[in-house]
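Here is a brief report on one chain. Keep the sequence and the 3D view open while reading.

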Amino acid sequence: MDDMKKSNGEVHGNEVQKADSDFITERIKQRPVNKVKLLRKTLITAAMAVIFSLVACLTFLILEPMINNWLYPKEEPAPIEFPEETEEMLPEDMIADDSEMEEPAPPVEIKLEDEQIAQLLENITLDIEDYSSMYGLMAEVAGNAGKSLVTVTGSVSDINWFNDTYEKENQTAGVIVAKTEQEILVLVNYEKIINAESIVVTFCEGSQIEAQMKKKDVNTKLAILSVELGSMKGETAEMAEAADLTASSSSRSIIGNPVIAIGSPLGNGDSVCYGILTSNNSLLDTVDSYYKILTTDIYGSQFASGVLINVRGQVLGIIDNSHNSEDMKNLVSALGITELRRVIERMSNERDQAYLGIHGMDVTPEANDSLGVPFGAYIIEIEMDSPAMAAGIQSGDVIVEINGKQIATYRDFMKVMTELEPEDLVSILLMRQGQEEYVQMEVEVTLGMLE
């Protein structure tokens, strides 16, 4: 019995010991990895990171300018304004009226014999040195004015017959018309650069800087280019000067005076020609405006460009020979600065040109006296499908008032039009010929945009 108990105890002990041994040697198996689920979580995390990055970038791009402007407010550039022209004084303008005259001193009678007069004339002689000195002074004027002249190069890529790519360049002369704290503005004829892929301006000391077209005018084929001051060296920015645009090109007193053509009057850059201004009576008729054409006796290129200046260095006109008649193709001509000044100012301030759609002229005193035509802007022609035609304005009408501003001449009309904006609703007071006399009528016109 004892042996059986002992045997059972041993068996039981062995079982417990074996159970303990099995417990100690038991291995804990790891949960199998779900690769599909892990890949899905990884992709979702990566996608969320990308989305977060894009949102952060977009938020920064949107808010950065606002925060930057708030912390460092940028001043709006002041509008560019050109001073009024300085009128040339005619000899008759120098005569004072009776109210301005003082009691004249008794005249001193001086009598000279013929021999004395001949002797005085003999003492007034000009030699080659005087002649050279005179042209030296004119060359100095041209040199000073040349600091405002630039060469504009327009480049465009093209393909030849052998499918080889090459760069085609067109050059023309331009003139600096304004200089602000941010940019330099250059006036140029845009016909040679209108399709250019890149525009480069070469300044008087030789530096070349890329420019952008800011605004153009279809009537005159002129454009304003902008050159950022930040892209210029200090020396270049200091030497570049704006031209003097205060001269009058419409005064009769300038006819017969010496003028200088600078820029590219001979078709090649940096050329200078001297001559006489022969006329300023011809007109270039364009829609809603006209421009006086200055003619000279200077023989130049049919493709001349640059500016015409007086002996004071003031710009009288922008050279443009495209309007010359057949027998004057090679004589240097220019569009007068008097009519161009407001156009340049408008383009410099990036303003669009309001469009009415008329061609007109001044009413002469003779027409006013003999025919009773009231003074104002006399309408010769109406453009098809123009705001003027839509409003019922007709040829033969005379514009005497726009938005309450009196119109006495066609130039008054042109000045008012440069102050208006496209889409402006304007009130125009007309005088229209009736059976016996001119009748007043008022029309409202929504202006278009000249393009």
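## A charge over a ring

Lys216 sits over the face of Tyr190, at 5.7 Å from the ring centre. This and everything below comes from a predicted model.

## The chain as a whole

The chain holds 9 helices and 20 strands. It has 451 residues, and 38% of them count as buried. Take the contacts between residues at least 6 apart in sequence: 61% of these join residues at least 24 apart.

## Helix 4

Helix 4 covers residues 128-145, 18 residues in total. From its first C-alpha to its last it reaches 26 Å, close to the 26 Å expected at 1.5 Å a residue.

Which residues of helix 4 are buried? They are Met138, Ala142 and Ala145. These residues lie on the same side of helix 4, because they cover an arc of only 60° around the axis. Turn to the face directed away from that buried side, and you find the exposed residues Glu129 and Leu137.

What do the buried residues of helix 4 pack against? Their partners are strand 1 (149-159), strand 7 (258-264), strand 8 (271-286) and strand 10 (305-309).

## Leu149 in strand 1

Strand 1, one of those partners, contains Leu149. Leu149 has a relative accessible area of 11%, so it is buried. Leave out residues up to four places away in sequence, and Leu149 touches Gly174, Cys204, Ile262, Gly263 and Val307. Leu149 and Ser264 are 115 residues apart along the chain, yet their C-alpha atoms are separated by 9.8 Å.

## Aromatic pairs

A pair of aromatic rings is described by the distance of the centres and the angle of the planes. The count comes to 4 aromatic pairs. One of them is Tyr131 with Tyr135: the ring centres are 5.0 Å apart and the planes stand at 55°, so the pair is tilted. Both residues lie in helix 4, 4 residues apart, about one turn of the helix. Another pair is Tyr410 with Phe413, whose centres are 5.3 Å apart with planes at 35°, so this pair is tilted too. Tyr410 and Phe413 both belong to helix 9 (residues 410-419) and are 3 residues apart, about one turn of the helix.

| Residue | Relative accessible area | Class |
|---|---|---|
| Tyr131 | 47% | partly exposed |
| Tyr135 | 30% | partly exposed |
| Tyr410 | 0% | buried |
| Phe413 | 0% | buried |

Ring pairs also build a cluster, which links Tyr131, Tyr135 and Tyr274.

## Lys214 in strand 5

Lys214 is placed in strand 5 (residues 208-217). Is Lys214 buried or exposed? Its relative accessibility is 17%, so Lys214 counts as buried.

Which side chain makes a polar contact with the side chain of Lys214? The partner is Glu183, at 2.6 Å.

Note on methods: Residues are numbered from 1 along each chain as its sequence is written. This is a predicted model: local features need pLDDT of at least 70, side-chain atom pairs count only at pLDDT 80 or more; totals for chains, interfaces and linings use all residues. Side-chain values use heavy atoms; hydrogens and water are left out. Helices (H or I, at least four residues) and strands (E, at least two) are DSSP runs, numbered from the N terminus. The expected span of a helix is 1.5 Å times one less than its number of residues. Buried means under 20% relative accessible area, exposed over 50%, partly exposed in between (1.4 Å probe, protein chains only). The arc is that of the directions from the helix axis to the C-beta atoms. Contact means heavy atoms within 4.5 Å. A polar contact is a pair of N or O atoms within 3.5 Å; within protein, one must be able to donate a hydrogen and the other to accept it, and residues adjacent in sequence count only if both atoms are side-chain atoms. Rings of Phe, Tyr and Trp (its six-membered ring) pair if their centres lie within 6.5 Å; planes under 30 degrees apart count as stacked, over 60 as edge-to-face and the rest as tilted. A charge sits over a ring if NZ of Lys or CZ of Arg is within 6 Å of the ring centre and within 35 degrees of the ring normal.
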